[in-house]
Each structure stands twice: as structure tokens, then as C-alpha cells.
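Please look through the sequence and the model below, following the chain from one element to the next.

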Amino acid sequence: MSPVNESLFEFPCDFPIKVMGKSHPDFTETIVTVVRQFDASFDAERIETRPSSGGNYVGLTVTVRAQSREHLDDIYRALTGHPMVSVVL
């Protein structure tokens, strides 16, 4: 029988995170700064950007190198707690 908290992922792994917020000239660079606090090797060139149809919001897909479930949780907490971020998936 497996432990209840066994992860569905094998760490370390590349993990895509979707980050959405209001369009702002510094949004992408701000998200890069937050992510690099946890993943110094994060490659900003790999960010996928999708503006909303009305142009008021932007969605970013950032792929981080997660070392553990706790590491991933720390990244999520930092992103969701940032004032420029509306949603993190």
C-alpha cells in the first residue's frame, strides 16, 4: 500500500505553471524575478505569453525545475501572494 502523501511526480522535474495578471509593461520581468528566487537557472526565453482577447490581461506559462513538492509549493505561494498576479494554475 502506498503512503497517502506519495507524489504523482518524480522530482526533480520540469513543471509548467500558468500565471495570469493585468497587462503591465513589467509583468513578465516581475514574474521572472519571483521565479528566479526559487530556480536560479530559470530560462526566461522559454516563457509562453498569451494576451487576453481584450488586451487587459496576460497569461504566462513558466516552466520551472521543481526539486520537490515543497519547492513547488513555495513557488506557488510566492506567485499567488504577489500583488500583480490574479491567478496561478
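This is a predicted model: local features need pLDDT of at least 70, side-chain atom pairs count only at pLDDT 80 or more; totals for chains, interfaces and linings use all residues.

Helix 2 comprises residues 69–80, twelve in number, and reaches 16 Å from its first C-alpha to its last, close to the 16 Å expected at 1.5 Å a residue, the expected span being 1.5 Å times one less than the number of residues.

Residues are numbered from 1 along each chain as its sequence is written, and side-chain values use heavy atoms, with hydrogens and water left out.

The protein chain has two helices and four strands, which run β-α-β-β-α-β from the N terminus on; helices (H or I, at least four residues) and strands (E, at least two) are DSSP runs, numbered from the N terminus. Of the contacts in the protein chain with a separation of 6 or more, 70% are between residues 24 or more positions apart, contact meaning heavy atoms within 4.5 Å. Buried residues make up 31% of the 89 residues in the protein chain.

In soluble globular proteins, nonpolar side chains tend to be buried together. Here the largest nonpolar core holds 21 residues, of which Ile17, Val19, Ile31, Val62 and Leu79 touch the most other members; such a core is a set of buried Ala, Val, Leu, Ile, Met, Phe, Trp, Tyr and Cys residues joined through side-chain atoms within 4.5 Å. Leaving aside neighbours within four places in sequence, Ile31 is in contact with Val19, Leu60, Val62, Leu79 and Val85. Thr30, which lies in helix 1 (residues 27–36), is buried at a relative accessible area of 17%, and it touches His82 and Met84, not counting residues up to four places away in sequence.

What of the aromatic rings? A search of the whole structure finds two aromatic pairs. The rings of Phe9 and Phe15 have their centres 5.2 Å apart and their planes at 85 degrees, so the pair is edge-to-face; rings of Phe, Tyr and Trp (its six-membered ring) pair if their centres lie within 6.5 Å, and planes under 30 degrees apart count as stacked, over 60 as edge-to-face and the rest as tilted. Phe9 is partly exposed, with a relative accessible area of 37%, whereas Phe15 counts as buried at 14%. Together with Phe11, Phe9 and Phe15 form one aromatic cluster. Phe11 is also joined to Pro12 by a cis peptide bond, with omega about -5 degrees, and Pro12 lies in the segment before strand 1.

Definitions and conventions: Buried means under 20% relative accessible area, exposed over 50%, partly exposed in between (1.4 Å probe, protein chains only).
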